[in-house]
Amino acid sequence: MVILANSASDKDQVRDLTARAIRLGTEKEGDSILKPISSVRDSACISSCHFIKTRFLLVRLLLVLPFIFVVAGASCGDISQEGIEGRWTLSHRKPGVVDVETVELKVTRGEGHSVTAEVSIPGVIVPFEGTFDPETGELSLIAYKGSESATINLKLKDGQLNGEGDLPIGQLTFEGRRATGSAKTPVKMEFVGPRPSEFLRGDLPPALEKACKKIIEKTMKERDVVGLSMALIADNKVIDVLSSGWQDFEKDIHATARTMYRWASVTKPMTAIAALQLVASGDLDLNADVRKYVPEFDKGVVISVRDLLAHKSGIPHSTQTTVRTVKEYDDPHPFVDRIASLDMFVESDLIFKPGSAHSYSTPGYVLLGAVIERAGRSPYAEQVMKRICQPLGMESMRPDYIWEEVSNRNVPYQHTDIGPLPTQWDDISWKLPAGGWLSTVEDMGRFAIGLMGTELLDGALRSSMRSMHTDYGDGVKGYGLGINVAKYDGNPVLYHAGGQVGASSFLVCAIESGHAVAIMTNTEGIGLSDLAFQALDHLMDKVPSSVKSSR
């Protein structure tokens with residue numbers, strides 16, 4: 001469908017139709033236009049545990065949408081159809097973000113005013129159709145699927161293709177110029193034969209090694225996982241790390257124990273421990289109103305620290321209707337500041353009275369990070385490094401700031417119609433306390449040891465973290481403080497999953513026996529709970545533990 005608007009009145013009508021489409025989308029229950037294109041829910045997790053691929057870039061929206069383009073005209077000098085043809089590099093800014101991001105637009109002439117075009121980001125090319133009016137030099141685009149929509153208005157003048165995008169998250173400014181060099185066409189990744197694999201130490205019992213290799217290869221083949229690493233924990237140590245596939249497929253760099261992966265939401269139990277440590281030291285009150293520590297977040301009702309920990313705050317999750325504060329920042333990376341990070345959702349309405357229900361919320365844990373920072377009187381990241389990472393020997397652990405060079409950082413992959421392809425990292429600095437750390441899988445395994453033991457947290461607070469503050473309905477699974485709790489074959493377990501751009505992760509701990517499995521991948525949208533629990537079964541069966549049940 002193509003709507004041509006060659007007059008001012010037509011143009012206004014198009015804008016009205018667009019606004020109506022967006023408005024209707026926001027009114028449709030359970031289908032917000034701010035909802036990411038896709039989400040991940042791990043099969044072992046209950047309905048409140050969503051592991052989401054957050055998308056703010058327009059390109060992410062375009063990757064899966066059928067395209068409908070609206071062309072709006074105004075009077076200006078004549079431009080030939082040839083003037084739009086070719087490749088353009090479009091730079092754009094997200095509201096409140098200083099960093100500039102780019103995509104490539106390739107335009108080919110069709111009949112009359114019609115054109116065909118392709119939008120490219122690294123590794124992915126998206127075809128679309130549209131219309132260019134040589135008399136006006138203006139091109140306005142709308143893309144939507146269901147309630148998700150976005151519009152772009154571009155104008156070609158003096159060899160530049162500039163304009164704005166009207167998106168649900170606000171206005172984006174585009175500046176285009178003729179592209180140089182050659183464009184890359186994505187190539188389908190062909191996995192021929194078994195994926196490359198390695199063991200860090202290679203001294204597992206043969207039966208366990210064989211079983212783990214088999215279930216890893218099966219999972220990776222069935223789910224098109226590019227690279228994966230798994231840490232096996234028993235007797236308070238990481239007994240081995242199994243890696244399979246590629247850290248970088250194109251360069252044939254294999255995944256290893258040194259590969260750096262995103263933690264995603266497995267970060268949340270670590271942040272919960274950081275908060276509970278402050279409770280233990282008397283610096284933080286679980287029942288206090290968060291406004292005592294962060295008055296900048298004021299919803300006119302009491303939200304307790306406990307509410308944040310248990311996902312009972314009423315703060316909407318990233319997949320729900322969140323309202324972002326649009327402002328400009330002097331700092332090129334403003335969301336390293338925990339208070340500035342609140343701008344991503346501080347204007348959002350609560351979805352229920354705090355304490356009255358349970359609803360998984362990444363923004364709630366972002367606020368918890370700000371609370372920790374104020375209560376602990378030092379930056380959140382410094383507290384985590386000092387009180388958790390250093391005592392456990394987690395030497396590779398670091399905040400995931402994509403503008404920093406990181407040795408052995410994996411290439412991120414996403415799923416497309418032709419299989420997994422490389423994608424772009426997104427800036428997740430704003431949600432560091434909820435899912436913004438980076439490490440090797442061995443360091444996630446070391447965290448599992450700390451989570452099960454008494455070095456980080458002891459006594460009543462450790463028991464409270466492991467208690468079922470929300471029952472998922474069967475009396476067997478529920479949510480504690482920052483961690484899922486369950487009975488698995490009669491054994492108490494703690495677990496959490498994670499998912500975001502270029503990452504899927506899972507951690508499960510059998511707290512009485514001291515066995516644990518940590519899994520990290522460079523491919524988003526991968527359910528890992530079945531693999532983790534199968535590996536835990538083999539580990540508990542073939543490596544008896546000497547750890548006492550005092551855990």
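Predicted model: local features only at pLDDT ≥ 70, side-chain atom pairs only at ≥ 80, totals over all residues.
Which residues does phenylalanine 447 touch, not counting residues up to four places away in sequence?

In it, phenylalanine 447 touches Trp263, Pro269, Met270, Ile273, Ile388, Leu392, Met394 and Leu507, with residues up to four places away in sequence not counted. A second, separate core of 15 residues includes Trp88, Val103, Phe132 and Leu156.

The largest nonpolar core has 114 residues. Phe447 is among the three members that touch the most other members, together with Leu232 and Leu309.

Cysteine 509 counts as buried because its relative accessible area is 0%, under the limit of 20%.

Strand 26 pairs with strand 25 in the antiparallel sense over 8 bridges, and tyrosine 495 has valine 508 as its bridge partner in strand 26. The hairpin of strand 25 and strand 26 has 2 residues between the strands, and glycine 502 takes a positive phi near 70° there. The pairing of strand 26 with strand 27 (residues 515–521) is also antiparallel, over 7 bridges. Here phenylalanine 506 stands opposite isoleucine 519 of strand 27. The hairpin of strand 26 and strand 27 has 4 residues between the strands, and in this hairpin glycine 514 has a positive phi near 85°.

## Helix 11

Helix 11 spans residues 459–466, and its buried residues are Leu461, Arg462, Ser464, Met465 and Arg466. These buried residues pack against helix 4 (267–280), helix 5 (305–309), helix 10 (441–452), strand 24 (484–488) and strand 25 (491–500).

Serine 464 lies in helix 11. Serine 464 is classed as buried because its relative accessible area is 15%, which is under 20%. Not counting residues up to four places away in sequence, serine 464 touches Arg306, His469 and Leu481.

Strand 17 pairs with strand 21 (residues 437–439) over 2 bridges, in the antiparallel sense. Arginine 262 has leucine 438 as its bridge partner in strand 21.

Most residues other than glycine have a negative phi. Aspartate 235 has a positive phi, near 55°. Aspartate 235 sits in the loop between strand 14 (227–234) and strand 15 (237–248), and at 25% relative accessibility this residue counts as partly exposed.

Asparagine 408 also has a positive phi, near 65°. The loop that holds asparagine 408 runs between strand 18 and strand 19 (413–416). With a relative accessibility of 34%, asparagine 408 is partly exposed.

## Cysteines

How many disulfides does a search of the whole structure find? The search finds 0. Cysteine 212 has 0% relative accessibility and so counts as buried.

Conventions
Residues numbered from 1 in each chain as written. Heavy atoms only, no water. Pairing = 2+ DSSP bridges. Disulfide = S-S within 2.5 Å. Buried < 20%, exposed > 50% of the residue type's maximum accessible area, 1.4 Å probe, protein only. Core = buried A, V, L, I, M, F, W, Y, C linked by side-chain atoms within 4.5 Å. Contact = heavy atoms within 4.5 Å.
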